[in-house]
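Please open the structure in your viewer and keep the selection panel at hand.

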Amino acid sequence: MTSTITPDTSATAVISVEEQQFNDLIEADSRIEPRDWMPEGYRKSLVRQISQHAHSEIIGMQPESNWITRAPSLKRKAILIAKVQDEAGHGLYLYSAAQTLGATRDDMTDALIAGKARYSSIFNYPTPSWADMGSIGWLVDGAAICNQVPLCRASYGPYGRAMVRICKEESFHQRQGFEILLELMAGTEEQRQMAQDSVNRWYWPALMMFGPPDDDSPNSAQSMAWKIKRHSNDELRQRFVNMLVPQAAVLGVTLPDPDLHFNEETQQWDLGVIDWTEFHEVLAGRGPNNAQRLQRRRDAHDEGAWVREAAVAYARKQSARTEEMAAS
Amino acid sequence: MSDDIAADAPAAAHDDDHGHVAVDVTTLDAELIEGPSVATADVAEYALWLGDDSLILAQQLGAWISRAPELEEDVALGNVALDLIGHARSLLHYAGTASGRTEDDLAYWRTEPDFRSLHIVEQPNGDFAHTIARQFVVAHYLFELYSRLRASADATLAAIAAKAVKEVDYHRDHSTQWVLRLAQGTDESRRRMITALSDLWPYVEEIFRDDPLIDRLGGVAVRPSSLLPAFDAAIAPVLAEAELEVPRGFVASGGGRTGKHSEHLAFLLAEMQVLTRAHPGASW
């Protein structure tokens, strides 16, 4: 079979009937389902993207769980537990979606703790203050929503459907983050400083979550052709900033970009230059918390090994017992 | 063909009808906020007993999230912690009506001797077997307690118990399943389960100890000693199936109900209260 880089339907290309059907489904904006034929590149690209997303949810639990035991009110503690628990749930749906493509959860987990799989670099930043619970919700979850809403229409069915559910929950997460910052900004001088300091630290990393500029994004063109991805990195980043500016005004926080200004011509907010060196440093493993995040995941996995082994052994004994009873 | 990925996902966070607190629904139940009920000093003290048990246990379980042996347990322990925080908020809110304090005043601005928690909930998480052993004991106790407290002459306590009993029924099942798996899984898990039970058992007796407060709250409070036969009857078949014996060892002196605590509580409170206490008067 020939797996083409862009679906090529010209008369000269030799493609199989299955591939033609696949191309037609993509062209018609229909959904590809697990048992449908798909090009190997499409399958690999999806497994990469979905497992990275799942890993991001799992590693993303850490910076927030850091504050569960210290949340400053019982209401906030309950909300934070619910939110981090949602992230574990998202990880589970996404691993399941990747499993429909033939990936196994064990392999994906092993790749993560061996440091071979990628996850969103944003979670390699630390959460030294309570206000970071607000900034993560408002900025990080906000950026995630801009990225993820278009994925609800991703061509691969199980992924698109998982994303519908995830996006609903993410929008609550963003709202609660905004509310944390709103409360801080209406509070004492120390609380306002805590909020502004946190926004200063998370703003640029959140913008980098959309990925490199379009002219430097190797996987984007193919993903867009296959309709896994629907908008370019720069388009989504711009949409996000346009959304943030009025929200920052409501909060009373300053976005830490002195060059940010409204462009009358394009009716968009033009932003200053993003420092991509930092992005590449964090991506290369030289961020503030890369080592700590992986170590914590590996420790939890290793320390829980005896529990998982016990569950497997128990299930095996139970099914042997059931079979014995059925035979007697 | 996978028509709905959610249906394939194991133990999804929202598939069950218990334990989930949507992050946009954060107020206390209407009967607590709108009801005119103000607790008497004795009822408030009793509500503190129960509220502190739930709060301290929730605080401990919250520390598991992102560290559990598998993702499904991050979700499950998170669910249990959320339920318990819900119970704690209701009970502390009610306790506070007697003295004009809020749930947060009580959770964050009391010091150790003013807490009323049992020693068993103060015991550290330990390994997963210790956490499960603690859950197994406490969930079975709470189920028997709330089952009876539903008939309390105090309408607010009865309403809290009616809601809580459904949730702790699930906690009971969750811990029971794990006691069976760990006791009959591998040699290592069995060894750990036996150790955990014997480490926790010295703190069981305190749960069922009566106090003069109970005499003053006839018809309102549940007499702790009256729960022991039902508790024993409920755990006996599980321990039998798991081929575990009730540990026979020493009994700890306890004293949580009068403010005498284990060494662990001060550390737990220091962590829980650190941010709030750094900003007196702030709202969050």
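A residue is called buried when its relative accessible area is under 20%, exposed when it is over 50%, and partly exposed in between, using a 1.4 Å probe and the protein chains only. This is a predicted model, in which local features need pLDDT of at least 70 and side-chain atom pairs count only at pLDDT 80 or more, while totals for chains, interfaces and linings use all residues. Residues are numbered from 1 along each chain as its sequence is written, chains are lettered from A and ligands numbered from 1 in the order in which they are written, and side-chain values use heavy atoms, with hydrogens and water left out.

Select chain A to begin. Chain A contains 13 helices and 2 strands, where helices (H or I, at least four residues) and strands (E, at least two) are DSSP runs numbered from the N terminus. Its C-alpha atoms occupy a box of roughly 70 × 60 × 35 Å along the principal axes, and 55% of the 328 residues of chain A are buried. If you display contacts, meaning heavy atoms within 4.5 Å, then of those in chain A between residues at least 6 apart in sequence, 76% link residues at least 24 apart. Chain A exposes about 14100 Å², with carbon and sulfur atoms supplying 53% of that area, as computed by the Shrake-Rupley method with a 1.4 Å probe.

Within chain A, zoom in on helix α10 (residues 233-251), where A:Q238 is found. Is A:Q238 buried or exposed? With a relative accessible area of 17%, A:Q238 is buried. Leaving aside residues up to four places away in sequence, A:Q238 touches A:Q268, A:W269 and A:L271.

Now move to chain B, which has 13 helices and 0 strands. Of the 284 residues in chain B, 60% are buried, and among its contacts with a separation of 6 or more, 81% are between residues 24 or more positions apart.

Why is α3(B) described as largely enclosed by the rest of the structure? The description applies because 19 of the 22 residues of α3(B) are buried.
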